[in-house]
Amino acid sequence: MRASGILGASVGAVALVGASFVAAAPAAAASCTAKALETVVIRSTTSTGGTALAQLNKGQSASASCTMHYGATEYEKCGIVSKRWVKVTRSGVTGYVVGTCVTIEQD
């Protein structure tokens with residue numbers, strides 16, 4: 001009987017965690033848009049050596065994460081040296097673009 005009481009407590013804790021996650025979802029659901037200042041390559045990783053997946057042409061927009069990601073090495077693009085990357089999705093392709101060549105606006 002004690003084992004079922006422990007199992008019941010565990011199930012209750014999981015339900016509580018699940019309820020907390022659902023309550024927090026609207027805050028995490030903020031969305032942003034990235035607009036390319038210059039043509040940029042959408043890459044598989046936060047590195048200029050990452051596999052090229054697609055391209056975001058100058059003036060085009062893509063849905064984006066509202067947080068910056070940082071690669072391990074610096075790059076120089078659009079006249080700025082940085083490690084900043086932005087996660088974007090365009091036409092079903094998700095990857096990273098250099099953060100110095102896009103503007104980010106919250107939707």
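Predicted model: local features only at pLDDT ≥ 70, side-chain atom pairs only at ≥ 80, totals over all residues.
Trainee: Why is S82 called buried?

Mentor: The relative accessible area of S82 is 10%, and buried means under 20%, with exposed over 50% and partly exposed in between (1.4 Å probe, protein chains only), so S82 counts as buried. S82 lies in strand β5, residues 80-90; helices (H or I, at least four residues) and strands (E, at least two) are DSSP runs, numbered from the N terminus.

Trainee: What does the side chain of S82 reach?

Mentor: The side chain of S82 reaches the backbone nitrogen of R84 at 2.9 Å. A polar contact is a pair of N or O atoms within 3.5 Å; within protein, one must be able to donate a hydrogen and the other to accept it, and residues adjacent in sequence count only if both atoms are side-chain atoms.

Trainee: What makes the pair of Y75 and W85 edge-to-face?

Mentor: The structure holds one aromatic pair. The rings of Y75 and W85 are 5.3 Å centre to centre, with 65° between the planes. Rings of Phe, Tyr and Trp (its six-membered ring) pair if their centres lie within 6.5 Å, and planes under 30 degrees apart count as stacked, over 60 as edge-to-face and the rest as tilted, so Y75 and W85 form an edge-to-face pair. Because Y75 lies in strand β4 (residues 61-77) and W85 in strand β5, the pair ties together parts that are ten residues apart in sequence. Both Y75 and W85 are buried.

Trainee: How do you know that C32 and C66 form a disulfide?

Mentor: A disulfide is a pair of cysteine sulfur atoms within 2.5 Å, and the sulfur atoms of C32 and C66 are 2.1 Å apart, so the pair meets the rule. With 115° about the S-S bond, this link of C32 and C66 is right-handed. Since C32 lies in strand β1 (residues 32-36) and C66 in strand β4, the pair ties together parts that are 34 residues apart in sequence. C32 counts as buried because its relative accessibility is 4%, whereas C66, at 37%, is partly exposed.

Trainee: How many disulfides does the rule give, and in what order do the cysteines pair?

Mentor: The count comes to two disulfides, and with the bonded cysteines of the protein chain numbered in sequence order the pairing is 1-2, 3-4. A disulfide also joins C78 to C101, with S to S at 1.9 Å. The torsion about the S-S bond of C78 and C101 is about 120°, so this disulfide is right-handed. The pair links distant parts of the chain, 23 residues apart, with C78 in the loop between β4 and β5 and C101 in the loop between β6 (93-98) and β7 (102-106). At 37% relative accessible area C78 is partly exposed, whereas C101 counts as buried at 3%.

Trainee: What is the phi of C78?

Mentor: Phi of C78 is near 55°, a positive value in a residue other than glycine. Most residues other than glycine have a negative phi. S91 has a positive phi too, near 50°, and sits in the loop between β5 and β6.

Trainee: Why is S91 called exposed?

Mentor: The relative accessible area of S91 is 74%, which places this residue in the exposed class.

Trainee: What makes S31 partly exposed, and where is S31 placed?

Mentor: S31 counts as partly exposed because its relative accessibility is 36%, and its place is in the loop between α1 (2-28) and β1. The C-alpha atoms of S31 and D107 are separated by 5.6 Å, although these residues are 76 residues apart along the chain. S31 touches A64, C66, E105, Q106 and D107, not counting residues up to four places away in sequence.

Key: Residues numbered from 1 in each chain as written. Heavy atoms only, no water. Contact = heavy atoms within 4.5 Å.
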